[in-house]
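Q: I would like to learn how to read the features of a protein structure. Please put it on show and start with the terms.

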Amino acid sequence: MKNNTLIIGGGIVGTTLALWLSQHQHRVTLIDARPQLSDSDWQARLSQRDPRVYALSLASIDLLTQIGAWQHIQQSGRKADYHHMQVWQADGVGELNFSQADIVQTDAPNANHQSSNSRLGSMVEPSVIEYALAQMMAQPNAYLTTITGQRVTSLDWLGDGYRVGLADGRTLEGALLVGADGRGSPVRQAAGIALDTLDYHQTAICCAIQTEQPHHATARQVFLPTGPLALLPLADVTTADQADPQHWQSVVWTLPTNRALDLLTLPTDELAQELAFASGYVLGDIRALESIASFPLSAQHAKTYIKPNLVLLGDAAHGVHPLAGQGLNLGLLDVAALADCLQQDFVRSGKQAWAGEATLRRYERLRYAHNAMMMHSFSGLNWLFGSQLPPIQQLRSEGVSLVSKLAPAMRFFSQQASGMV
């Protein structure tokens with residue numbers, strides 16, 4: 001049990017951590033309640049366009065590159081790099097336009113970082129990332145054990161680690177238990193860690209659309225009185241898409257729940273008209289709309305990320321409003337911070353200590369305040385741009401106009417979005 005780490009949750013965050021640790025020769029057991037997919041299952045999933053997309057930041061791409069997964073994503077061609085970001089409000093003046101030039105300065109100490117690449121990030125479908133990780137997990141690795149299709153039935157703290165019971169009767173022991181098991185995290189609940197929660201009373205409509213005009217590798221977000229509407233570039237999947245590229249996008253449209261439910265009852269062509277109107281026809285008419293889904297919106301933050309021999313990552317620790325597309329990026333920043341803390345303290349101890357209290361507290365200090373700031377910032381922006389009070393509307397317009405003219409402010413927001421801070 002000395003250096004063994006047990007990770008519960010085989011999503012993107014948990015799998016990324018498992019790969020990083022095992023590639024650095026730390027023994028890891030990844031436990032996923034979902035069954036393992038065959039290659040034919042994966043191909044069936046990948047044959048469909050997923051309307052959801054993750055806006056991977058440069059920091060997230062760096063981490064996925066380190067573990068070898070990004071190379072598979074590149075080879076698949078199922079990514080849409082975006083080089084610009086356009087943000088505006090429908091009922092005000094001023095517009096924010098971000099590019100890589102806002103992040104990198106030639107006189108900055110890290111000016112060479114990503115300087116040869118003008119992208120702000122890449123839009124990638126969840127199944128594409130998951131398949132790339134699965135391909136890495138399938139490679140021979142003596143330090144990695146994967147258990148799939150098994151539900152965790154018990155968690156017992158042993159004083160110097162955890163014993164985990166599985167539905168098939170097996171028990172496993174580890175010096176560190178990692179909860180990467182999502183918003184409803186059974187690990188968090190079993191550890192008795194409470195949550196701060198915020199219900200936005202909003203619902204997001206998600207779909208894939210084909211627009212009349214190409215997106216030109218630009219992620220767009222308009223703040224409407226009813227909530228933000230994001231148009232995010234999607235990879236061109238079919239031969240027809242590739243012959244006429246850059247027309248497919250992922251939509252995340254935030255609305256008051258009652259309004260969203262009304263729109264979801266409309267025929268597809270009428271919903272497309274409503275969506276085009278809401279976007280101000282920024283890319284013309286909508287030629288096709290598919291894969292409509294919806295989900296309620298809320299924010300949550302665990303009171304603590306750690307207990308003795310236990311740590312929370314990703315959605316198990318925090319969940320934010322989707323308006324800035326930073327949920328997964330925050331989770332992957334958690335992975336990078338935890339992996340670095342574990343590795344540094346392991347080396348300092350002469351390869352004897354693993355996941356001690358001081359190490360876990362250092363991880364929490366690195367991530368807790370940053371994640372809290374991001375969560376409250378997104379909540380504040382959601383309120384600010386949704387307010388219909390005339391004084392707030394005027395201040396909002398003047399603020400957006402001012403920020404657009406201040407290079408340091410633009411650089412700050414660009415760095416936050418890229419994760420390169």
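A: Two strands count as paired if DSSP finds at least two bridges between them. Helices (H or I, at least four residues) and strands (E, at least two) are DSSP runs, numbered from the N terminus. This is a predicted model, in which local features need pLDDT of at least 70 and side-chain atom pairs count only at pLDDT 80 or more, while totals for chains, interfaces and linings use all residues. Residues are numbered from 1 along each chain as its sequence is written, and side-chain values use heavy atoms, with hydrogens and water left out.

Q: How do I read a sheet, and in what order do β3, β7 and β4 lie?
A: Strands of a sheet pair through backbone hydrogen bonds, either parallel or antiparallel. Here three strands form an open sheet in the order β3-β7-β4, with antiparallel pairing. Its edge strands, each pairing on one side only, are β3 (54-57) and β4 (80-82). Direction ignored, neighbouring strands of this sheet are turned by 30° against each other on average; angles run from 0 to 180 degrees between N-to-C directions, and axes are lines fitted to C-alpha atoms, for helices over the stretch in contact.

Q: How many bridges join β3 and β7?
A: Four bridges join β3 to strand β7 (residues 121-124), in the antiparallel sense. Across this pair, S57 stands opposite G121 in β7.

Q: What should I look for in the hairpin of β10 and β11?
A: Look at the pairing, then at the turn. Strands β10 and β11 run antiparallel and are joined by four bridges, with R163 opposite E173 in β11. Four residues lie between the strands, and G169 takes a positive phi near 95°.

Q: Where is V164, and is it buried or exposed?
A: V164 is found in strand β10 (residues 162-166). V164 counts as buried because its relative accessibility is 0%. Contact means heavy atoms within 4.5 Å. The C-alpha atoms of V164 and S154 are separated by 5.7 Å, although the two are ten residues apart along the chain.

Q: How do I read two packed helices, such as α3 and α4?
A: Two packed helices are described by the angle between their axes and the distance between the axes. Helix α3 (residues 58-66) and helix α4 (residues 69-76) pack at an angle of about 105°, with axes 5 Å apart. That angle makes α3 roughly perpendicular to α4 (under 35 degrees is roughly parallel, over 145 roughly antiparallel, 65 to 115 roughly perpendicular and the rest oblique). I61, L64 and T65 of α3 meet A69, W70 and Q71 of α4.

Q: What is the span of helix α5?
A: The expected span of a helix is 1.5 Å times one less than its number of residues. Helix α5 (residues 126-137) has twelve residues and reaches 16 Å from its first C-alpha to its last, close to the 16 Å expected. Ten of its twelve residues are buried, so α5 is largely enclosed by the rest of the structure.

How values were computed: Buried < 20%, exposed > 50% of the residue type's maximum accessible area, 1.4 Å probe, protein only.
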